[in-house]
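These are my notebook entries on a structure that was new to me. I set down what I looked up, topic by topic.

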Amino acid sequence: MSTPFETRRPAEVMPIYRDPLAPHGPGTVHVLDQRRLPFEEVWIACDTMQAVWTTIREMAIRGAPAIGVAAAYGLALGARAIPASNSGPEFVAAFDRLCDEMAEARPTAVNLFWAIARMRQAARDAAQSGADARVSILDDEAEAIRAEDLAMNHAIGAHGAALVPRFGDRPTRILTHCNTGSLATAGWGTALGVIRSAHAQAAVEVFADETRPYLQGARLTAWELLRDGIDVTLIPDSAAGHLMAQGLIDMAIVGADRIAENGDTANKIGTYTVAVLCARHGIPFYVAAPSSTIDLATRDGSQIPIEERPAKEVLEVFGTKIAPPVKVRNPSFDVTPGELVTAIITERGVARPPYRDSLAAMFPTRGSAAR
Ligand code: MRU
């Protein structure tokens with residue numbers, strides 16, 4: 001008997017696309033509503049920048065690199081609404097206002113601001129062109145951002161797979177947190193991309209933290225791995241320490257929303273706990289992220305803004321109340337100090353501590369907080 005969750009090998013999921021064959025160019029942006037996964041696959045069609053903004057703000061699309069791609073697609077849509085008569089500086093000023101608006105969507109993932117900066121520059125390059133030409137330049141830039149992210153994830157996967165220990169007679173047991181797969185990126189994934197690349201070479205067994213309160217691990221990571229036919233065991237976040245103490249975890253790997261100059265890493269709430277547990281148990285703790293997540297202009301984790309999300313996400317599960325109406329704290333991210341990170345895997349290779357030196361050497365043209 002078939003169930004909605006039977007294991008099969010369909011085409012890779014993607015969180016967002018534009019139809020390149022649409023009659024007037026790639027106008028409509030289609031966003032997979034991740035709030036409804038894994039139970040329903042519903043697409044939201046966005047014809048305005050504000051509609052894309054709402055999908056980011058309300059977490060229909062989430063995951064740092066995917067947010068960057070969505071912002072770029074959204075801004076390309078926004079450019080279409082700027083009157084053709086606005087040219088040169090007028091066009092740049094109007095586009096800058098859209099960028100400022102887009103920057104309010106979510107605060108922590110630096111990929112959002114990185115993608116906006118790329119689109120701002122493209123708008124300046126396009127400012128003297130006619131209305132159709134400048135839209136097409138911005139469409140191309142957004143498409144480049146998407147394609148580059150996919151390529152970076154495959155490179156991260158290859159570098160990371162080489163770090164995965166092998167045990168001959170049994171699979172490597174890998175713990176991960178949140179969702180860092182195709183759904184969180186332009187495809188393949190960062191930490192989940194490393195897991196996918198490692199799985200292509202030898203058996204892996206994944207322990208997925210459910211990732212309270214938004215349940216990205218339970219709803220999204222478990223779903224992606226099941227679709228891929230990769231062995232996945234879902235665990236409550238609070239079970240990670242117990243499994244480590246039992247000797248059942250060989251390594252942990254997570255993604256990132258922003259990595260500061262010194263390697264301090266903001267990622268989904270609960271990541272810091274995993275890193276501390278790994279240190280306690282002598283388990284390697286890796287961070288996998290593309291260069292668009294690395295923010296060398298931020299000196300350390302204390303400067304990273306941490307999003308606080310609504311109390312409702314903690315007080316309810318799928319609309320059912322699970323607690324009395326008490327005060328709630330719901331920080332969506334935490335910061336793992338760089339000293340707890342065994343290595344940072346990027347598309348350019350593997351950075352090791354001290355990260356101030358290794359990241360600066362890996363990305364020599366990027367701005368530094370210290371300079
Ligand atoms: O709140 P979310 O779901 O956007 O948070 C996502 C994460 O924290 C991911 O681990 C991070 O963005 C990396 S995704 C490749």
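How many nonpolar, polar and charged residues does the lining of the largest pocket have? I found six nonpolar, one polar and seven charged residues there. In this count Ala, Val, Leu, Ile, Met, Phe, Trp, Tyr, Cys and Pro are nonpolar, Asp, Glu, Lys and Arg are charged, and the others, Gly among them, are polar.

Entry on the basis of the work. I note that the model is predicted, that local features need pLDDT of at least 70 and side-chain atom pairs pLDDT 80 or more, and that totals for chains, interfaces and linings use all residues. Residues are numbered from 1 along each chain as its sequence is written, and side-chain values use heavy atoms, with hydrogens and water left out.

Entry on the largest pocket. I recorded a volume of about 410 Å³ for the largest pocket. Its lining has 14 residues, and Tyr 214, Glu 313, Glu 316, Phe 318 and Gly 319 lie nearest the centre. α10 (312-315) and β12 (316-317) are the elements that give two or more residues to this lining. Helices (H or I, at least four residues) and strands (E, at least two) are DSSP runs, numbered from the N terminus. On a 1 Å grid over the protein atoms alone, a pocket is an open set of points with protein on both sides within 12 Å along at least five of seven lines, whereas in a cavity a 1.4 Å probe fits but cannot get out; lining residues have an atom within 4 Å of a point. Grid points are joined across faces, edges and corners, and a volume is the space filled by probe spheres set on the points.

I then looked up Glu 316, which lies in strand β12. Glu 316 has 17% relative accessibility and therefore counts as buried (under 20% relative accessible area, with exposed over 50% and partly exposed in between, for a 1.4 Å probe and protein chains only). Residues up to four places away in sequence aside, Glu 316 touches Lys 321 and Ile 322 (contact means heavy atoms within 4.5 Å).

The assignment, which is automatic or from a database, gives domain 1 (5-154) and domain 2 (164-362). I noted 25 Å between their centres, taken over C-alpha atoms. To their contact domain 1 brings 39 residues and domain 2 brings 41 residues.

Where does the largest cavity lie? Both domain 1 and domain 2 give residues to its lining, so the largest cavity lies between them. The search of the whole structure found three cavities of 30 Å³ or more, and the largest holds about 180 Å³ of space. I listed 24 lining residues for the largest cavity, with Arg 62, Gly 63, Ala 64, Asn 179 and Asp 257 nearest its centre. Helix α2 gives the most to this lining, three residues.

Entry on the nonpolar cores. A nonpolar core is a set of buried Ala, Val, Leu, Ile, Met, Phe, Trp, Tyr and Cys residues joined through side-chain atoms within 4.5 Å. The largest one has 43 residues, and Ile 56, Leu 75, Phe 95, Met 119 and Leu 138 have the most contacts inside it. Its largest share, twelve residues, comes from α2. Among the residues that Leu 138 touches I noted Ala 76, Phe 95 and Met 119.
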